[in-house]
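Got a minute to go through some labels and ask what each one rests on? Here is the model to look at.

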Amino acid sequence: MSTACVYCLHNGHLRDEQILLRGDTFYLCAPRGQLVEGFLAIAPYRCKGCLAQLPATDIDELLAMQDLVRDFYARSYHTQAVIFYEQGRAGGGALTDFRERFPLHAHLCGLPAVVDLHGYLRHTYLPVPVGSLAGLATAVGGQPYLYVEASDLSLAYLARRNDQATVLERARLKPVIAQLMGISERGDWRAYPGDRELQHLVENWRHYWDGQA
């Protein structure tokens, strides 16, 4: 079982064609396991456990990449319906994935879809408003969290009880989103790698980016 970090580029898990855009601190990539075509991730080059551990000075570039992703979805997928989410499992200090022991590396996922993830999470966890990703660290206060932007609402979800902190450190949102969308078979990239959708996404991005030149 490999323990090399998927999002540390020097490990070679992401092919060159999957790296869509490189910034100074972050890069944009198209991961395997496309829930729907258009599934993207924004990650820092540095192997930090979650976005809440990054300095606030790094967040401006992340926000700029988010805006670019929104524009890409609007132009290429003709939708304003976008969800962004992060599994902040390392927010309380966890270092590795509970099951497979790979290092936790912060990444913000984007999806051109309508998913009522807020409705699903708010009944279980404590919702905390997050005005901006620059204020995420203050909002979560050194705890594991789930972060969701959808329907013009940005919330971090924290443990209501002490025993839920461990649950959040092991949480996986992708299977939940797949279930809510009625495509539960796509919740695990091994079962549904989505390589056809990935190739279409890369082609759409190239066409979009050429149009920005």
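Predicted model: local features only at pLDDT ≥ 70, side-chain atom pairs only at ≥ 80, totals over all residues.

Residues are numbered from 1 along each chain as its sequence is written, and side-chain values use heavy atoms, with hydrogens and water left out.

Q: What makes a space a pocket and not a cavity?
A: It's all done on a 1 Å grid over the protein atoms alone: a cavity is a set of points where a 1.4 Å probe fits but cannot get out, while a pocket is an open set with protein on both sides within 12 Å along at least five of seven lines.

Q: What is the volume of the largest pocket?
A: About 1000 Å³, counting the space filled by probe spheres set on grid points that are joined across faces, edges and corners.

Q: Which residues lie closest to the centre of the largest pocket?
A: Val6, Tyr7, Phe102, Arg172 and Trp189, out of 34 lining residues; a lining residue has an atom within 4 Å of a point.

Q: Which elements give two or more residues to that lining of the largest pocket?
A: β4 (83-88) and α5 (173-180). Those names come from DSSP runs numbered from the N terminus, helices being H or I with at least four residues and strands E with at least two.

Q: What is Lys174 in contact with, beyond its neighbours within four places in sequence?
A: With contact as heavy atoms within 4.5 Å, the partners include Arg32, Phe39, Tyr85 and Trp189.

Q: Why is His78 called exposed?
A: His78 has a relative accessible area of 66%, so it counts as exposed. His78 sits in the loop between α1 (59-76) and β4, and its phi is near 55 degrees, a positive value in a residue other than glycine.

Q: What about Ser151: buried or exposed?
A: Exposed, with a relative accessible area of 67%. Ser151 lies in the loop between β7 and β8, with phi near 55 degrees.

Definitions and conventions:
Buried < 20%, exposed > 50% of the residue type's maximum accessible area, 1.4 Å probe, protein only.
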